[in-house]
Amino acid sequence: MNMKNAFLAVPLSVSLLIPTGLNVVSAEDHAKPSVTTEAVELRSTLDNLLSEHAYLAVETMRKGAEGAPDFKEAAGALSANTEDLAGAISSVYGEEAGEKFSKMWTSHIGFFVDYVKGTAENDEEKKQNALDELSQYRQDFSQFLESATGERLEADALAEGLQMHVNQLIGAFDSYVVGDYAKAYEYEREAINHMYGVSKGLSSAIVNQFPDKFNNTKAVTPAADLRSNLNHLLSEHAGLAMMAMQNGIEGSEDFKASTEALAANTDDLAAAISSIYGEEAGQQFEKMWTGHIGDFVTYVQGTAKDDAAQKEKAMEALKNYRADFSQFLETATEGRLDADTLSGNLQQHVDHLINTFDSYVEEDYAATYEQLRESYAHMFGASKALSGAFVSQFPDKFAMEMPSEMPDTGMGGTADSNSDLWIFASILALISASALFYRKQAKQ
C-alpha cells in the first residue's frame with residue numbers, strides 16, 4: 001500500500017459523486033472486502049464533515065461562553081465546515097438543493113448562537129426562542145432530507161435524531177456554563193459519536209438512491225464499519241488533544257476534564273484489546289498511547305515556562321515514539337504498512353498538533369483553526385490506510401455482507417456499533433500483540 005498517498009487529507013469540497021480517495025477498487029474487485037469502494041468513500045467523507053460539525057459547534061459555543069479571543073475564528077471554522085457540507089450536498093442533488101441546505105444549516109447554527117447570547121444576557125425568553133427555532137428547524141430539515149432521498153429516510157425518525165443532536169450540544173454548553181466540566185465533555189463525546197450514525201444512515205440512503213453513481217457498492221459493510229470506527233476514535237483523539245493543549249496553556253478550569261475525556265478515548269482502545277487478550281495486553285497498549293499524549297503535555301508545560309530544553313525533550317520523545325509505533329505497525333501488518341512511510345506520516349500528526357498549539361499561543365487564531373481542521377482531517381487519511389492494511393491482512397474477517405437498509409432512527413445514534421466491536425477489538429488486539437512481541441525482541 002502506498003501510505004504516502006493514503007494519508008493525504010481528502011479535499012473537503014470535492015464532489016461526493018466522484019470517488020474521494022485514492023486506490024478505489026474497480027468493479028471486478030467488488031467481491032473482495034475493501035475500505036476504498038465508492039460508497040465507503042462517501043461514508044467516510046460524511047464521517048469527517050458531520051463529526052467535525054459537532055466538534056466545532058461544541059467548542060465554538062464554549063468559546064462564546066468564555067468570551068474567548070478566538071471565538072470569531074472558531075465560528076469561522078464552523079462556517080467553513082458548513083460550506084463544505086453544502087458543497088457535498090450540491091454534488092449529489094444540485095446547486096438549488098445545496099443552497100437550500102446551506103440556508104437551513106447556517107440558520108440552525110445561528111439558533112445555537114442565540115442560545116449562547118441568551119445565556120450570557122441571562123435572558124430566559126431569548127433562550128427559549130432559540131430552542132423553539134431549533135424545534136422548527138428539525139421539522140423542516142427532516143422534511144428536506146426525506147424529500148431529497150426519495151423517502152429513504154423518514155422525517156419523523158429524522159426529527160427524533162436531530163433532537164438528540166440539539167440536546168447534546170445544549171447539554172454540553174449548559175454543563176460547561178454551570179461548571180460541570182465532566183458532564184460537558186461527556187456530552188461532547190456523545191455529540192461527536194452521534195454523527196457517525198448520521199453519516200452511516202445518510203450515506204446508505206444516498207447509495208441506495210444512486211447505485212450506478214457508486215458502482216453498485218455499499219456504504220455499510222464490515223470493512224466500512226472498521227474504517228468508520230477508526231475514523232471516529234482517531235479524529236476524536238486529535239480533536240480532544242488540541243483542546244486539552246489549549247486548556248493547559250490557559251490554565252482553564254476545565255483542563256482536568258478535557259484531559260480525562262482524552263484519557264477516556266484511550267480507554268476505549270485499551271478496553272477493546274483487554275477484551276480479547278486480557279488486562280496485560282490492554283495495559284501495555286494504554287501505556288504506549290498514554291505516553292505519547294504525555295509528551296504533548298510536556299511540550300505545553302515547557303511552553304508555559306518558556307523552557308526551550310523541556311520543549312525539545314518532548315519533541316525528542318515524540319520522535320522516539322513514532323519510530324517505535326511505526327515499526328510495530330509494520331510488524332503487525334506483515335509489511336503491508338511500511339515503517340519509514342508510517343513514521344513520516346506520524347510526524348505530520350505531531351506537526352499538526354504542535355503547529356496548531358504554537359499558533360494559538362502566538363494568538364494567530366486564523367492559522368490555529370486552519371491547522372486545527374487540517375489536523376482533524378488528517379486522521380481520516382490515517383484510518384483509511386490502517387483499515388485498508390487490516391482488511392488486506394484478514395480478508396475473511398470482513399467478507400460477510402451486511403444489511404444495507406437505512407436505520408429506523410434516521411439521523412440517530414447508530415454509531416455505537418456494539419455488534420461490530422469484535423472486529424475492531426480483534427484488529428487492535430492483534431496490533432497490541434505484535435507490539436509486545438516487537439518490544440520483547442528489541443530488548444533481547
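What follows is a short exchange about helices and loop residues in a predicted model.

Mentor: Residues are numbered from 1 along each chain as its sequence is written. In this predicted model, local features need pLDDT of at least 70, side-chain atom pairs count only at pLDDT 80 or more, totals for chains, interfaces and linings use all residues, and side-chain values use heavy atoms, without hydrogens and water.

Trainee: What makes E151 count as exposed?
Mentor: Exposed means over 50% relative accessible area, buried under 20%, and partly exposed in between (1.4 Å probe, protein chains only). E151 has 63% relative accessibility, so E151 counts as exposed. E151 sits in the loop between helix 5 (124-148) and helix 6 (155-177). Helices are DSSP runs of H or I, at least four residues, numbered from the N terminus.

Trainee: Why is D306 called exposed?
Mentor: Its relative accessible area is 70%, so D306 is exposed. D306 lies in the loop between helix 10 (279-304) and helix 11.

Trainee: What is the phi of D306?
Mentor: D306 is not a glycine, yet has a positive phi of about 55 degrees. Most residues other than glycine have a negative phi.

Trainee: How do you know that the span of helix 8 agrees with its number of residues?
Mentor: The expected span is 1.5 Å times one less than the number of residues. Helix 8 (residues 222-250) has 29 residues, so it should span 42 Å; its end C-alpha atoms are 42 Å apart, which agrees.

Trainee: What makes helix 8 mostly covered?
Mentor: Of its 29 residues, 26 are buried. Just after helix 8, G251 has a positive phi of about 65 degrees.

Terms used:
Helix = DSSP H or I, 4+ residues; strand = E, 2+ residues; numbered from the N terminus.
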